[in-house]
Amino acid sequence: MSVLLLLVALSQAAAAPRDKASAVASARALLQQDRPQAAIAALAGQDASDPAVALVLGVAHYNAGNAVQAVALLRPNLARWAEGSSERREAEQVLGLALYLAGRIAEAVPWLEATRAWAGSNLEANQILGAAYIQTRQPDKAREVLARAFEVAPESAAAHLLAAQMMIRLQQEELAQAELEQAAAKDPRLPQVHFLLGQLALFRARFADALSHTRKEIELNPGNNLAWSQLGDIYVRQQKWDEAVAALQRSIWVSPFYSAPYILLGRAYMKQAQPAAAEAMLRRAVEYDPNNKQAHYLLGQVLQQAGRAEEARKELELAERLQGAAGR
């Protein structure tokens, strides 16, 4: 090999690591600026099988919402990062989050647990691990994690309530029911427990239970506007219009900025043949929640019954558009 070719080869060999290091550093800087797509672009042309590149590229893909790509980059390289190293910890944390985001909940749990071992106070990590435990039907572990996150005793009534609230968010009503019953047994006067038990009963059309629990909640906290609104909802479903109106008016007196009681009042006033009052309530609902299709639909019905065809048509068309948007 000529001296010139040897110098070129040595120059290229020395430049390659510097180019990689520069690209990785640039990508890291872009991630700190919350620009994951730009970070991915900065690593274009780099060897994705290189652990240094794979780590940053995997993190970038996770932050860009590409969970599947993040898993594909991080999982094969785990053994190449030393146990306890900052790289291994970052890879495990992002792998757990990416698996969770990809819907592979059971696979995510071990990596989320590994992260918790060294980042036990991280609220996001605890919340996601708690959610993963719920979705894999491990309620005791979920409660323990959430209790730690909210600094309450794991076997306390408050911990059962916190777990139940997360379970309801994740549509695990059966698990939530059990947690709420334990919370009520441990502290019958803990606010919110009976409200949620009433809510679950209402979803199942068990009106007597819903009424009993909601009334208990109001006894404990008469200023709970959501409980008054729920009580009104129960009466509306039972077609007890006078009782519904009284409960819903109380909800609005406590907090006038929530659309649900106005919608329910609109329905109740319609049934009581009070169109002007129904219209006033429904217009207030639309004011607070312009994208509520039910409010627009009921308002259209009121206007139609009042013979205001053009106004009714606009409201009903808007309700239909909102329904279509919600279905997409």
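Predicted model: local features only at pLDDT ≥ 70, side-chain atom pairs only at ≥ 80, totals over all residues.
**Group meeting talk: a helical protein chain**

Let me begin with helix α4, which covers residues 67–74, and in which Ala67, Ala70, Val71, Leu73 and Leu74 are buried, where buried means under 20% relative accessible area, exposed means over 50%, and partly exposed lies in between, with a 1.4 Å probe and protein chains only. As a general point, an α-helix has 3.6 residues a turn, so residues three or four places apart point the same way. The face of α4 turned away from the buried side carries the exposed residues Val68 and Ala72. What covers the buried residues of α4 includes α3 (51–63) and α5 (86–101).

Residues are numbered from 1 along each chain as its sequence is written, and side-chain values use heavy atoms, with hydrogens and water left out.

Now to the whole chain. The protein chain has 18 helices and zero strands, both being DSSP runs numbered from the N terminus, with helices (H or I) of at least four residues and strands (E) of at least two. The radius of gyration of the protein chain is 28 Å, well over the 20 Å that the globule rule gives for 328 residues, so the chain is more spread out than a compact globule; this radius is taken over C-alpha atoms, and the rule is 2.2 Å times the number of residues to the power 0.38. Along its principal axes, the C-alpha trace spans about 100 × 55 × 25 Å. Of the 328 residues, 44% count as buried, and residues 24 or more positions apart account for 45% of the contacts with a separation of 6 or more, a contact meaning heavy atoms within 4.5 Å.

Let me turn to two residues in neighbouring parts of the talk's picture. Trp118, in helix α6 (residues 105–118), counts as partly exposed at 34% relative accessibility. Leaving aside neighbours within four places in sequence, Trp118 is in contact with Arg89 and Gln93, and the C-alpha atoms of Trp118 and Arg89, which are 29 residues apart along the chain, are separated by 8.5 Å.

Finally, two loops. Where is Gln171 placed? Gln171 sits in the loop between α9 (157–169) and α10 (173–186), and its phi is near 60°, a positive value in a residue other than glycine; Gln171 is exposed, with a relative accessible area of 63%. Ala205, in the loop between α11 (193–203) and α12 (207–220), also has a phi near 60°, again a positive value in a residue other than glycine, but Ala205 is partly exposed, with a relative accessible area of 46%.
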